[in-house]
Structures are given as structure tokens and as C-alpha cells.
2 protein chains.
Amino acid sequence: MKRYLAPVVLSLATALAGCQSLPSSSSSSSADQPVTLRGTGDLGLIIERATGSVLVIDHSEHEILGRVEGLGDLSHASVVYSRDARYGYVFGRDGGLTKVDLLTRTISERVIQGGNSIGGAISQDGRYVAVSNYEPGGVNIFDAETLETLMEIPAVYTNAEGEQGQSKTVGLVDAPGNQFVFSLFEAGEIWTVDMHSTPPDVARYDAGKEPYDSLITPDGRYYIAGLFGEDGLSMMDLWAPEKGAQTILPDYGKGEQRLPVYKMPHLEGWAIADGYAFVPAVGRHEVLVANMTDWSMVDRIPVQGQPVFVMSSPDNRQIWVSFAHPKNDVVQVIDSQTRKIIRTLAPGKSVLHMEFTPRGEEVWVSSRDSDRVTVYSTRTLEPVATLPAHKPSGIFFTSRAHRLGL
Amino acid sequence: MKRYLAPVVLSLATALAGCQSLPSSSSSSSADQPVTLRGTGDLGLIIERATGSVLVIDHSEHEILGRVEGLGDLSHASVVYSRDARYGYVFGRDGGLTKVDLLTRTISERVIQGGNSIGGAISQDGRYVAVSNYEPGGVNIFDAETLETLMEIPAVYTNAEGEQGQSKTVGLVDAPGNQFVFSLFEAGEIWTVDMHSTPPDVARYDAGKEPYDSLITPDGRYYIAGLFGEDGLSMMDLWAPEKGAQTILPDYGKGEQRLPVYKMPHLEGWAIADGYAFVPAVGRHEVLVANMTDWSMVDRIPVQGQPVFVMSSPDNRQIWVSFAHPKNDVVQVIDSQTRKIIRTLAPGKSVLHMEFTPRGEEVWVSSRDSDRVTVYSTRTLEPVATLPAHKPSGIFFTSRAHRLGL
């Protein structure tokens with residue numbers, strides 16, 4: 001329950017060491033469609049992880065508008081969007097942060113901001129983009145317009161031997177009140193950064209051992225970190241940060257074989273439907289169901305493999321589950337009310353990600369080793385379109401611009 | 001609990017009687033800003049009710065981009081958006097349906113579709129726009145692209161005397177599964193229209209007496225109609241339509257003076273936060289709090305006038321309340337956790353509407369008789385901008401394109 005307030009080390013970097021600004025490039029675009037005046041509400045990006053490229057797609061027409069290349073190492077890449085839904089910020093594994101213009105299908109800005117990035121977020125007001133890094137451990141914050149470095153927040157902590165270190169940072173999300181929230185793996189802490197203050201107000205909270213990923217509930221209230229070093233999860237109620245992090249689901253992961261971090265299920269994939277959280281079991285062929293009012297575990301749904309993403313449709317009626325290697329050529333759909341599997345789908349080899357259209361009539365599924373994306377109707381559960389893509393992984397639609405906690 | 005299935009009278013009209021197609025007009029635009037390639041995620045429309053015009057605004061910059069004129073009678077007008085967030089469909093009181101292009105700030109299509117329209121909706125897949133009419137009572141459905149009339153659904157019913165009539169239709173919303181749902185005032189029924197079938201499958205359910213407005217929960221599951229003719233409300237669980245409409249909050253409105261329909265609180269303004277619904281009391285200076293798990297009334301929050309809109313911020317922490325004449329120069333802000341009023345604001349004379357930015361950092365408030373819109377920070381509760389507008393009423397941002405139940 002300890003709460004540490006600032007000071008933390010805050011370097012307001014104007015020229016961040018190791019930060020390399022690359023020229024904007026329009027030659028990186030291979031726009032197949034002419035650039036025209038159009039709305040941006042039905043656009044999206046598909047990560048092509050092996051080729052460092054992204055596809056710009058139109059999800060109304062099931063159409064690829066063009067490809068933007070030159071984004072570096074896009075294994076495990078993710079995307080957030082500008083307030084106007086025109087620009088995607090692509091966080092690459094190699095520390096690259098690339099601002100992609102979906103209308104012109106060009107790179108408008110690109111920096112190499114750190115050695116090993118694992119995700120980012122955009123502030124509630126759209127002014128700040130934050131990136132969390134493994135190496136050196138910390139969070140860097142950029143001007144969303146220019147990608148100019150505004151500050152770096154090294155994740156410094158003192159370990160059990162009294163030595164100072166710098167922790168890997170994980171589970172970075174935005175939260176209401178123009179905050180960023182993230183976890184420190186080695187330090188076992190959760191930090192909040194309030195971007196309203198200058199310099200930002202950083203608060204530190206003790207969490208469980210080795211948080212490795214996190215999620216935040218859709219209203220931005222509960223931040224939940226998965227723990228690699230112990231059973232259970234650490235939850236912070238951001239409406240009452242003074243209470244610090246609480247342990248919830250104490251049996252979560254209990255007795256399970258310890259798995260490498262890269263095989264842990266994605267927490268951002270937790271589905272929340274009808275007062276229940278549908279949670280990927282760690283290392284087991286089950287989706288767990290927890291009652292969110294008291295965080296008790298109420299059900300276990302057997303599935304065909306180790307779940308990775310467990311995502312609810314926007315209307316909360318369906319839970320779509322993707323799986324870890326080697327049983328990752330299949331997606332299963334669960335009815336959230338009956339908690340039964342209603343369909344097993346075979347979208348292709350190595351399913352990596354799923355994205356629902358904003359109002360949920362369709363869902364896009366990427367199959368890396370089949371080099372395609374399949375679009376399903378959530379009503380018929382049948383495919384309605386397929387699109388070719390080079391080793392596609394993440395799929396991110398611009399409607400994310402308007403949601404908290406991404 | 002009776003359930004009637006089709007047949008209902010369905011005229012697949014190619015040339016709807018009384019439907020008058022007006023020429024597209026770009027001369028109706030008075031664009032102040034040049035038309036440029038830009039994202040549409042941070043745009044919106046403000047209704048200028050007295051002049052039949054709308055302002056196109058940019059909520060990132062607090063800027064008016066231009067005015068579009070020639071939309072007819074816009075008292076009580078509302079707006080839904082196309083899937084790409086480029087076009088707004090404006091439903092006018094006079095039965096006018098106008099498709100406004102927010103990028104070029106021109107009218108791209110306009111029809112006079114009925115005698116007295118009171119609202120509309122766009123289907124989950126974005127293909128259909130539906131308009132509900134008082135006179136003649138029914139719902140007309142249009143192609144979202146062209147505004148071509150696809151069908152009319154007259155709200156026919158048989159009254160207690162065995163005579164057939166046509167009912168006013170109210171509370172029209174979209175619902176998951178590409179449905180439209182609406183209520184019939186005189187008939188006391190709720191109808192669902194499934195747009196997947198050809199012709200659409202229309203189902204009719206008995207509801208309470210004289211439904212006058214409705215809301216649907218954000219996930220599209222519960223459709224709740226307010227009743228003018230009796231106490232309580234009629235609720236349909238759209239996940240189990242075979243159960244028909246149930247009565248909830250049986251004391252709602254009890255003992256209250258019967259008020260004219262036009263002064264009844266807007267149900268679409270109900271706030272849902274943290275498992276509780278914050279509900280405007282009918283004719284009383286109170287906001288009611290109901291537990292949504294059992295629909296019991298758990299609290300009454302005294303406020304300064306008769307509430308009209310009771311809206312929760314996107315993070316569910318604040319409840320913003322606007323009021324009926326004559327105490328309508330004030331907005332009160334309630335903390336959703338403590339249920340205390342935390343601020344009383346004076347945005348101007350005759351406050352008519354409020355709209356939160358998609359991630360909730362600001363809220364726009366229209367003051368009709370002060371001819372202005374005031375933008376507040378939800379953090380400081382202080383104004384951050386004001387914009388001039390002619391008798392502004394409704395404010396509608398394009399992020400609505402991505403939400404269910406509007």
C-alpha cells in the first residue's frame with residue numbers, strides 16, 4: 001500500500017541520446033489507390049511483420065488502399081491513432097516510432113526512440129504519444145504532432161540488494177485525466193504519469209512480482225497487471241489510487257508451469273461482458289470467467305488450445321478466442337451468455353490477431369502463415385471477404401482513436 | 001408477453017407518396033475554411049435550430065470550419081453519421097432528411113420524407129438510414145448512400161374499439177444484428193425490424209401505455225421505453241426478445257403531475273455508470289439512481305430544476321445534468337461515486353444540449369438564447385473556449401459513427 005510520490009528522475013530531453021530522427025519519406029508509399037478526399041472513420045492498418053510494412057485498408061469496402069513501407073522491425077508492433085483518425089502511430093519492436101498518414105499513405109514522421117519498444121499509448125487529449133521500452137527501461141514521451149521528444153522517464157528503482165537499476169516497462173496505457181499508466185517488470189511497481197502538470201506528476205505504487213502485461217477496463221477505471229513472478233494479478237482502482245494496488249484472482253496461474261514471457265496471454269485481450277471478465281488461462285486449454293464485482297472465479301470454459309486473445313464483440317454477445325502455437329490455426333467463438341463454444345473456425349495458419357469493426361457486424365482475423373486476412377460476419381460466422389497480406393499480424397482500426405485505455 | 005410476428009404492412013416503395021427529392025446543392029455552403037484533405041475523427045455538427053443551418057466544427061481546435069444552410073425546420077433535430085465519419089444525416093422536425101458532407105461542407109442529398117419526423121438511426125452496417133415519423137405514423141428506410149427510399153413501415157395497429165389506426169413512432173434506435181427498434185405511442189407496442197432479411201423481418205411486442213421516448217444501453221442489449229400513459233417503464237432484453245417487454249422501475253413517474261410530452265425528459269440522456277443508471281425524475285427536481293442488476297431505485301439526488309439530459313462522461317466519473325425551462329440557464333455536475341453535486345455552471349441562457357469529446361477530456365454545451373457554445377474541461381470544470389452560433393441546440397460529434405444504439 002506504499003505510495004511514493006515524485007521525485008523521480010525526469011530528463012526533459014531536447015536531444016535524447018540514441019534518438020535518431022529519420023527523414024519523412026513519401027517514396028515509402030506504394031499507394032495503389034489515388035489519394036482523394038474521404039472520411040477516415042472506416043480506415044485501418046494491418047501490420048506486415050516480416051517486411052516492415054503496413055497495409056492501409058477500408059473496412060467498409062473490404063479493400064486494400066495501399067501499402068506503406070520502411071517501418072523497420074514490426075514483430076509485435078501495435079498502433080494508436082490521432083484524435084482526428086488520420087494518423088497511426090506504429091510502435092515497432094526495434095524502438096521505431098512511425099507516424100503514418102492514412103490518407104496520403106506515407107510516413108509523415110519517424111524516429112528511433114529506444115532500443116526495444118514493446119508498445120505505446122496516446123494521451124486522452126491527443127497531444128502526447130508515450131512509448132515503453134525494455135532497454136533502456138523507461139517511458140519516452142513525444143509530441144504527437146512532430147514526434148519531438150518531450151521527456152524521458154527512466155524506470156529507476158532500488159533492488160533487494162540496495163542497488164539502483166532500471167526496469168523494463170510494460171503494459172503502458174492511457175487513462176482518463178490525461179494520464180499514462182505502466183508497470184515495471186523487475187521493480188514490481190505500477191507508475192502513473194499525470195500529463196496535466198509540468199513537469200508531469202509521477203506516482204509510484206508497489207505491485208506484485210514481475211508484472212508482464214496489463215489491461216485497463218473500457219471506462220479507464222481499473223488497471224490490472226498480470227504477474228510473471230507469482231500467482232494472482234495486481235489491480236489498481238484509478239478512482240482511488242491512494243489505496244495502491246490490490247491482489248485479485250489470487251489463484252490465477254496457480255500451479256501452472258512457468259512459461260516464457262513471450263508466450264504469456266495478452267492481457268489487453270481480456271473480454272469484459274455483462275459484468276464478467278473472460279480471461280485466458282495461463283498455460284491451460286481454458287478460458288476463465290471471473291465475476292467483476294468481487295473478482296471471484298465462477299467458470300472455466302474448455303477450449304482447444306492455450307488462449308492468447310480473448311476478445312468480446314462490441315455488443316458483448318460473442319467471445320472470440322485465438323490460440324498459442326501449435327494449435328493456432330483455429331479461432332473459437334463462445335456465446336457470452338451460455339458460455340458454450342458456438343463455432344470453431346479455420347481462418348488459416350498461425351492466427352495472430354483479431355479486430356472487430358466498430359459496431360461489431362464483422363471481425364477481421366490475420367493468419368500470418370497463410371498470408372491473408374479473413375473477414376467474418378459476426379451474425380453468420382461465415383467469411384465474407386479475404387485480403388492478401390504479407391505475414392500479417394496486428395489489425396488496428398481508426399475507431400480506436402475514440403476509445404480510452406489503448 | 002404476447003409476441004406478434006409479421007405480416008405487417010410493408011410497402012417496398014420505389015416512389016414513396018409525399019417523398020420529394022430535392023436537388024443537391026453546393027451553393028448552400030458558406031465554407032469559411034478551405035476544403036483540404038483531413039481526418040474526420042474530430043469533426044462534428046452543431047444544429048442552429050432557428051435558421052435551418054448547421055455548423056461544421058473541429059473539436060481538436062475548437063474551431064468552426066463552416067456553415068451549411070438550407071436544412072429546413074431544425075427544431076428538435078438530431079444527427080447520425082456514416083460509417084466513414086464523413087457524412088452526417090440530419091433529421092429535421094419537418095420530415096426533412098439531409099445528408100451533409102462535413103469535408104466539403106455541402107448538402108450531398110436531401111429529401112422530405114414525412115410530415116413530422118422526430119428522429120432517426122443508421123443501421124449497424126451503415127447501409128440503411130431509418131426515420132421515425134409522427135404523421136403519418138411509421139418508419140421510413142433509406143439507402144444511406146443515395147437517400148433513395150427503400151421501404152416504408154406504417155405503424156398500423158388496432159385500437160380498443162377495433163378500429164385500425166396508424167400510430168406515432170418514437171424512440172427509434174439501431175441495435176446489434178442490423179436491427180432497428182422503435183416504439184408506437186398510441187399502440188403501446190415496441191417493434192423490431194431485422195434488416196438482414198428481405199423483406200425485413202418485423203416483430204411486434206406489447207409494451208406499456210403510450211411510450212414516448214426510449215434509450216438503449218451502450219452494448220445494445222436493453223431497450224427501455226418511457227411511458228406517458230402510466231408509471232414505470234417498458235424494457236426489452238434484445239438478447240431474449242421472446243420474453244417480450246417487462247415493466248421496470250414501477251414507481252417511476254408515480255404521483256407526478258402529467259406533463260406535456262414536449263417537456264418529458266430525454267431518455268437518450270440517461271447516464272449509465274458503474275452498474276447504476278442515473279435517471280431524470282419526471283417533473284421533480286431530482287436525479288434518480290437505479291441499480292441496473294435488479295432495477296431497484298437506490299437514491300435520489302436533489303438538483304436545482306427538472307432534469308432534461310442526464311449524461312455520463314466517457315470515464316463514468318461525472319454526471320452532467322441540464323434542465324427544463326425556466327431553470328435552464330444552469331448545468332450541474334454530479335460525482336458518480338459520491339452522488340454529490342460538485343459544480344454548478346452557468347454556460348448561458350437556455351442550455352439545450354451537451355456532447356462529450358470521444359475520450360471525455362472536454363464537453364461542449366449549447367446555450368440557445370446566448371447564441372453560443374461553451375467548451376468545458378472535465379478536469380477543471382472551467383470553460384476553455386466559446387464559439388458563436390445562431391440559436392444552437394444539438395451537438396453531435398462524428399465519433400457517434402462507431403457507437404451502437406444512436
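## Where the two chains meet

Let's start at the meeting point of the two chains: in this predicted model, 6 salt bridges are counted between chain A and chain B. One salt bridge between the chains pairs Asp174(B) with Arg359(A), whose closest N and O atoms lie 3.1 Å apart. On the side of chain A that touches chain B, the residues divide into 12 nonpolar, 19 polar and 17 charged.

How many residues does each chain bring to the contact? Chain A gives 48 residues and chain B gives 48 residues. Between them, chain A and chain B bury about 4000 Å², and 49% of that area is on carbon and sulfur atoms.

## How the copies are related

## Two domains inside chain A

Within a single chain there is another interface to look at. Chain A is divided into domain 1, covering 113–263, and domain 2, covering 269–346. Taken over C-alpha atoms, the centres of these two domains of chain A are 25 Å apart. Their contact takes 12 residues from domain 1 of chain A and 15 residues from domain 2 of chain A.

Together, domain 1 and domain 2 of chain A bury about 1200 Å² between them, with 78% of it on carbon and sulfur atoms. The side of domain 1 of chain A that touches domain 2 of chain A has 9 nonpolar, 2 polar and 1 charged residues. The count of salt bridges between domain 1 and domain 2 of chain A is 0. For polar contacts, 1 residue pair is found across this domain interface of chain A, with both residues at pLDDT 80 or more.

For the complex, the predictor gives an ipTM of 0.91 and a pTM of 0.92. Chain A averages a pLDDT of 88, and 89% of its residues score at least 70.

Where should you take care? Over residues 1–31 of chain A, pLDDT stays under 50. The model still has 71 contacts beyond four places in sequence for residues 1–31 of chain A. Where pLDDT is low, the predicted coordinates should not be read in detail.

Terms used:
Residues are numbered from 1 along each chain as its sequence is written. Chains are lettered from A and ligands numbered from 1 in the order in which they are written. This is a predicted model: local features need pLDDT of at least 70, side-chain atom pairs count only at pLDDT 80 or more; totals for chains, interfaces and linings use all residues. Side-chain values use heavy atoms; hydrogens and water are left out. Contact means heavy atoms within 4.5 Å. Buried area is the accessible area (1.4 Å probe) that two parts lose on being put together, summed over both. A salt bridge is a side-chain nitrogen of Lys or Arg within 4 Å of a carboxyl oxygen of Asp or Glu. Ala, Val, Leu, Ile, Met, Phe, Trp, Tyr, Cys and Pro count as nonpolar, Asp, Glu, Lys and Arg as charged, and the others, Gly among them, as polar. pLDDT is the predictor's confidence in each residue, from 0 to 100. Domain bounds come from an automatic or database domain assignment. A polar contact is a pair of N or O atoms within 3.5 Å; within protein, one must be able to donate a hydrogen and the other to accept it, and residues adjacent in sequence count only if both atoms are side-chain atoms.
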